[in-house]
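Please read the following note with the sequence and the model open beside it. The points are numbered so that each may be checked in turn.

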Amino acid sequence: MNDKLATFLDGAFAPYGDFPARADVKQELLANLTEKYEDFKKAAKTDDEAYAATIASFGDVAEIMEQMQVNTSPAPRNTNLKSSNMPDSDLTGANLTGANFSSSALAGSDFGNANLAQSVFKSAALKGAIFAGANLTQATLASCDLSDTNFENADLTDTQIKSSNFSGTNLKGAKLDRTTITRSDLSNVSFEGMSLEGVVFESDSLKGASFKDAKLHDVSFHFSAVKHAIFDGATMDKVTYAVLKGAKANLENVAVQ
């Protein structure tokens with residue numbers, strides 16, 4: 001595991017080149033991470049869970065560089081956690097910018113308030129996972145099981161979601177500016193009272209989905225079934241209204257601004 005942690009540190013500091021004292025800093029950090037890994041193992045975590053928890057505890061390398069007064073701008077972190085077996089993991093508040101969780105088992109894991117900007121979840125098992133308050137801006141979720149997943153107050157700005165199951169998903173208070181949701185099952189999902197700005201629904205199932213009292217601006221519904229969606233009390237711009245009317249949505253009690 002030392003080699004794996006050393007490789008992680010090499011990747012974390014790669015954008016900064018061979019700065020002074022790099023070897024000493026890496027040696028000290030590697031010792032700290034190894035100690036944390038061993039502690040997680042003693043707490044009955046699996047190898048994958050211990051590794052994930054260890055790197056999640058690493059923090060922001062930029063802060064370390066600032067303390068050393070190195071003047072440079074690093075690229076986003078790219079933590080590779082593909083095919084990891086990490087169900088029920090506690091990753092609350094972790095900085096996992098750019099992390100790749102593709103094909104990982106993450107059911108029941110807690111990402112509450114974590115920084116997951118530009119992260120990738122492809123074919124990931126996320127049933128019952130918690131993303132409450134998490135930063136998922138510019139993230140990608142494709143072919144994921146999002147059933148019973150909690151996105152309450154999460155930031156999904158510019159997020160791409162494709163071919164995913166939203167059965168029982170909680171989106172209360174989530175920010176969905178310019179979010180794109182494609183070929184996904186959104187049946188009975190609640191968007192009630194939400195403000196949707198520039199959201200793209202494309203080829204989605206929206207049967208029973210509720211947009212009651214929601215505010216829709218520049219929202220598109222390409223090839224999405226909206227006939228049985230609920231828009232009671234919603235407020236929308238003229239273009240969104242025209243799109244929905246053309247798709248035969250029930251717009252009897254909506255306001256157009």
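1. Two residues are in contact when heavy atoms lie within 4.5 Å. This is a predicted model, in which local features need pLDDT of at least 70 and side-chain atom pairs count only at pLDDT 80 or more, while totals for chains, interfaces and linings use all residues. Residues are numbered from 1 along each chain as its sequence is written, and side-chain values use heavy atoms, with hydrogens and water left out.

2. The note begins with helix α3. Helices are DSSP runs of H or I with at least four residues, strands are runs of E with at least two, and both are numbered from the N terminus. A residue is called buried under 20% relative accessible area, exposed over 50%, and partly exposed in between (1.4 Å probe, protein chains only). Of the 10 residues of α3, eight are buried, so the helix is largely enclosed by the rest of the structure. These buried residues are E49, A50, Y51, A52, A53, T54, I55 and A56. They pack against α1 and α2 (22-42).

3. How many aromatic pairs does the structure hold? There are 14 aromatic pairs. Rings of Phe, Tyr and Trp (its six-membered ring) pair if their centres lie within 6.5 Å; planes under 30 degrees apart are stacked, those over 60 are edge-to-face, and the rest are tilted. One of the pairs is F8 with F58, which is edge-to-face, at 5.3 Å centre to centre and 85° between the planes. Because F8 lies in helix α1 (residues 2-13) and F58 in the loop between α3 (47-56) and α4 (61-67), the pair ties together parts that are 50 residues apart in sequence. F8 is buried at 9% relative accessibility, and F58 is buried at 10%.

4. A further edge-to-face pair joins F101 and F111, with 5.6 Å centre to centre and 80° between the planes. Both residues lie in the loop between α4 and β1 (120-122), 10 residues apart. F101 is buried, with a relative accessible area of 0%, and F111 is likewise buried at 0%. Ring pairs link F101, F111, F121, F131 and F151 into a cluster.

5. The structure holds three salt bridges, each a side-chain nitrogen of Lys or Arg within 4 Å of a carboxyl oxygen of Asp or Glu. In one of them the side chains of K41 and D47 meet at 2.5 Å, N to O. K41 is partly exposed at 31% relative accessibility, and D47 is partly exposed at 41%.

6. Another salt bridge joins K127 and D148 at 3.0 Å, N to O. K127 lies in the loop between β1 and β2 (140-142) and D148 in the loop between β2 and β3 (160-162), so the pair ties together parts that are 21 residues apart in sequence. K127 is partly exposed at 41%, and D148 is partly exposed at 42%.

7. D158 is partly exposed at 26% relative accessibility, and R178 is partly exposed at 43%.
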